[in-house]
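Reader: I'd like to learn how to read salt bridges in a model like this one. Can you walk me through it?

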Amino acid sequence: MYRTLEFPIKHRYKEIEDFPQTLNNSQKWNFHTRLFLGEAKGNLTEEEKTGVQGKYTREELDGLEKDLKEHEAWLNEWVEKQKSVKMNEDPVIETREMRERADKLELHLQKLALKKMPKVRKSSSSSASGSPTETATTSPSPSVKGHHDEL
């Protein structure tokens, strides 16, 4: 009987205790995601202007931005609701759910941040001795030069 009376109190105490750190962590991932998106979108704009294939696609960055906006809206709504909850009432937002949602955003961000640059395919006219990132348009191969010299 005492355990059933004790549990809600301990649960509220634990939630009150964990809330600031969990909120801080959620906001930290919002901040890091915003920084990443700002830099990645700037790079993408430059890459589109120059015609260079970049590390991220517009769809990937838009998807991350959508997740970020959803997370921020959800967090702001529920934190506002939590502010009106008294200390002797159950929380309206559980720290477990906050962590799960922040983890989802973190995983999406890390997936993109750790993405490797796409390999540029060598065209049939590119040099065998050239680096994998060189293309025929930037460095014609000796065989192409030789072919033109023969004409």
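**Reading the salt bridges**

Author: Let's start with Asp90, which has 46% relative accessibility and so counts as partly exposed; buried means under 20% relative accessible area, exposed over 50%, and partly exposed lies in between (1.4 Å probe, protein chains only). Keep in mind that this is a predicted model, where local features need pLDDT of at least 70 and side-chain atom pairs count only at pLDDT 80 or more, while totals for chains, interfaces and linings use all residues. Residues are numbered from 1 along each chain as its sequence is written, and side-chain values use heavy atoms, leaving out hydrogens and water.

Reader: What does Asp90 form a salt bridge with?

Author: A salt bridge is a side-chain nitrogen of Lys or Arg within 4 Å of a carboxyl oxygen of Asp or Glu. Here Asp90 pairs with Arg12, with the closest N and O atoms 3.0 Å apart. Asp90 sits in the loop between helix 2 (58–83) and helix 3 (95–113), and Arg12 is in helix 1 (residues 2–50), so the pair links parts of the chain 78 residues apart; helices are DSSP runs (H or I, at least four residues), numbered from the N terminus.

Reader: Is Arg12 buried or exposed?

Author: Buried, because its relative accessibility is 17%.

Reader: Which residues pair within helix 2?

Author: Glu65 and Lys69 do, four residues apart, about one turn of the helix. Their side chains meet at 3.9 Å, N to O. Salt bridges with shared partners join Lys41, Asp62, Glu65 and Lys69 into one network.

Reader: How many salt bridges are there by this rule?

Author: The count comes to 15.

Key: Helix = DSSP H or I, 4+ residues; strand = E, 2+ residues; numbered from the N terminus.
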